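Hi,

Here's the structure I said I'd pass on to you.

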Amino acid sequence: MGKEVEVFGVNYERYSVNKKLEKLARKYKINSVLEMPAHGAKAMPSIYSLGFAKDADNITLVNGNPKYISEWAKVGAKDKVNWVEETDLYHTKFEDASFDFVWNFAYIPTCNRPEELINEMGRISRKYIGIFSVNSGNIGFPIHRLVHIKTGIEWTHGDIRYNNRHFIKRKLQEQGFKVIETGFVDCPVWPDSLGFRDVRLHRMNLDFNKMEWEAPYVEMLVNNSFPLWMKLVYMIEKLPLPQFIKSVYAHINYTIAEKVDQ
C-alpha cells in the first residue's frame, strides 16, 4: 500500500486549526488536553492536537495510531503525548475532571450516540470541552451530498444536524454546559470538499485510519516554511466579516463550552 499524501486543502486546514488551538490554549490557560477519539478525517490520525504542543504539558490521545508519534517527535513534543485505548467511549476509564480541555475533530456527526459522548467528555473535563465539525453552511456541503447520491455511494458522514453550529450549541446547553465561544476555522477562498476526493477514497475500500499517511504540514511547521499562498489565504480568513457570510465559505465550525457547577 502506497502513502496517501495530504493535499493542499488538508495542509491549509491543519494550518488554520492549529492556529486556533494555539489561541485557545493561551486564552483559556489549557495545560492538559484529551482528544477523544484521535482519529483522522480522511487524513493522518493523531495529530490534530499539535496546536497544543507548545502550551500544554499533557496531551492524551484516545484510540489514535501510535506510529504517528513520529510527527510529535518532529516538533519536540514526543514526551508530552500519552496513548490510550478505550473500547467504550461513552464509559471511559478516566477519572472525573481529569483534563482542562476535552475535544474532538470532525467526529460528533458520525458518532452513534453523540449526546452520550458529549456527556462523557464533560465528565472527564475539569473546565472546557470543544467540538470541531465540518460546516454544513459551506456551499460545497450540498454539492458533496449530491455527489454521494449521483454515485450511489452511501453517505458515511453521519448526522448532518451536528454539522450546524447552532444545533451543536443547543445540544451543549441542553446538557448544562455554558457555551463561551463559537466560530469558524479553515475558511479559504475555495469551497469545502465537493466529494470527488472522497469518492476516490471510498472506492479504495480501505480503513482510513490504517492507511499510510504523509502530512506535509508537519514539515512546514517544523521548518517554519509555510508557503506565501497559505499565509495570504489566512489573512483573508481573518477578515472581520459577519458570521453569516463567513459560514458560506468556512469549512469547519467550532464550539467551546465551559462546565457549570451543578
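Below is what I found, taken one spot at a time.

Before you start, keep in mind that this is a predicted model.

Let's begin with E22. You'll find E22 in helix α1, which covers residues 8-27. Is E22 buried or exposed? Its relative accessibility is 14%, and the cut-off for buried is under 20%, so E22 counts as buried. Which residues does E22 touch, once you skip those up to four places away in sequence? They are G51, K54 and D55.

Next, jump to S247, which sits in helix α9. That helix spans residues 243-249. S247 has a relative accessible area of 16%, so S247 is buried as well. If you set aside its neighbours within four places in sequence, S247 is in contact with N135, G137, N138 and F184. I also checked S247 against V7: the two are 240 residues apart in sequence, and their C-alpha atoms are 23 Å apart in space.

Last, the surface. Look for L239 in the loop that runs between α8 (228-237) and α9 (243-249). L239 has a relative accessible area of 42%; partly exposed is the class between buried (under 20%) and exposed (over 50%), so L239 is partly exposed. L239 also belongs to a nonpolar surface patch of about 550 Å².

Cheers

Methods: Residues numbered from 1 in each chain as written. Predicted model: local features only at pLDDT ≥ 70, side-chain atom pairs only at ≥ 80, totals over all residues. Heavy atoms only, no water. Helix = DSSP H or I, 4+ residues; strand = E, 2+ residues; numbered from the N terminus. Buried < 20%, exposed > 50% of the residue type's maximum accessible area, 1.4 Å probe, protein only. Contact = heavy atoms within 4.5 Å. Patch = residues over 30% accessible without salt bridge, like charges linked within 9 Å, V, L, I, M, F, W, Y side chains within 5 Å. Areas by Shrake-Rupley, 256 points an atom, 1.4 Å probe, with all protein chains shown as cover. Salt bridge = Lys/Arg side-chain N within 4 Å of Asp/Glu carboxyl O.
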